[in-house]
Amino acid sequence: MTLTEKVLDHIEDSKTEIVNFLRKIVSYPSVTGNEGELQNFIADYLKDELGLLVDVWEPDINELKTHPGFVPVQQGYEGRPNVVGVYRGTGGGRSLLFNGHVDVIPAGDEKNWRYSPWSGFFEGEKIYGRGASDMKAGLAAYTMAMKSVLDVGVKLKGDVILEYVVDEELSGNGTLAAILRGYKADAGISAETSSLRIQPACIGRIWFEIDVYGKPTGIQRKWEGINAINLGYKIVKAVDNFEKIRLKEVRHSLYPNIREAIPCIVGVFSAGSYPSSFPDFCKLKGSMATVPGEDSEEVKKQFREHLETFSKTDPWLRHNPPIVRFTGYFAEPSEIPINHPIVKTLSESFTHVTGKEPIISGRLGAADTRFLNKYGNTPTVIFGPGLTEQMHAVNEWVNVKDLITATKVMAVTILDWCGYE
């Protein structure tokens, strides 16, 4: 029996342990801003169960602010540490970095959940809970993949770095802080939701706000005013038209259905201040997506110019154009070549475990790979057991079979990429 077969057999025998680990980390309500308790558990687990060198630190927001990749946030990082576990290889092998975020979005009204979002309820072949797919299943997969390699007694030649970062859902500053800490490797795997697809690319995301001003008047003489609600609907239509233009012009080989890759939408429409008062102001909030190869600043410029051109067709807006701001969440698109060695190794590992060829695609969501690729000197591919369609879903779940498959694929990749004695 080969060493690879021993590791795969060990994972098969450890299904209950792997499932229970995921259920345990799902039970921590690590909504963005409240990651500390889970991070303490993970730090202890990496030290006690895996014997790794463990680094725990709170990101320095003042240091982050000096970096061009920093995304402004409302909350600092006191009590919200990053955790990194490091295995030092014997030498002569390639290093590998795994990256994942511990924070999750709020569960919303828990009455809408079949089971408590923090229960990690296990029924049939599914584990339920907020973060089960996005992306605690990914965290569990690479944690238990590394544990299985070590349990069998493998001595790896290359280093392995396991990152557990905070604040991905609102900024990605946790991963940026790990880069500033000095963590890098010859290649990386982000265990984000990918439905077991291998994804060398991810889209970018740009949030925007649009202020629309009408002409105030009293409701008794409303015909003398300009209704900002009506103007707002015109701008929403213009935003929709901007998306239609992009659907005709934007192309990327990993996104054959470009419509699902670059949505541009107004998601918030706020206007008026009182039921019996004329609405003279409207605020729109929305987002647009970009694909790798696009210049985000150029897309922003095109968006502004499109709304300026539209406004000139309206008798009021041509003299009172909407004010556009790009504020809040921002993520660059990112990619590595589909023939990069880490993509090749991961693909071969997938085929070894499943007997099937992997699906190579682009991720329909932003990811922290943008920091690792651009600033971290760590070319990173996305691969995880979480289902893309379960991201942020009510009654979120992950399939246990996918969890075990991902654990095996990651373990084989560790062996093949890092080498062993």
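This is a predicted model: local features need pLDDT of at least 70, side-chain atom pairs count only at pLDDT 80 or more; totals for chains, interfaces and linings use all residues.

**Labels and their cut-offs**

Residues are numbered from 1 along each chain as its sequence is written, and side-chain values use heavy atoms, with hydrogens and water left out.

Q: What makes residues 400-418 count as a helix?
A: Helices are DSSP runs of H or I with at least four residues, strands are runs of E with at least two, and both are numbered from the N terminus. Helix 12 has 19 residues.

Q: How do you know what span is expected for helix 12?
A: The expected span is 1.5 Å times one less than the number of residues. For helix 12 that expectation is 27 Å, and the span from first C-alpha to last reaches 27 Å.

Q: Why is helix 2 called roughly perpendicular to helix 12?
A: The axes of helix 2 (residues 15-26) and helix 12 come within 11 Å and cross at roughly 105 degrees. Axes are lines fitted to C-alpha atoms, for helices over the stretch in contact, and angles run from 0 to 180 degrees between N-to-C directions. Under 35 degrees counts as roughly parallel, over 145 as roughly antiparallel, 65 to 115 as roughly perpendicular, and the rest as oblique. Helix 2 is therefore roughly perpendicular to helix 12.

Q: Which residues make the contact between these helices?
A: Contact means heavy atoms within 4.5 Å. Helix 2 supplies Lys 15, Ile 18, Val 19 and Leu 22, and helix 12 supplies Val 400, Leu 403, Ile 404 and Thr 407.

Q: Why is Lys 126 called partly exposed?
A: Its relative accessibility is 26%, so Lys 126 counts as partly exposed. Lys 126 is in strand 5 (residues 126-128).

Q: Is His 67 buried or exposed?
A: His 67 has a relative accessible area of 16%, so it is buried. His 67 sits in the loop between helix 4 (61-65) and strand 2 (82-87).

Conventions. Buried means under 20% relative accessible area, exposed over 50%, partly exposed in between (1.4 Å probe, protein chains only).
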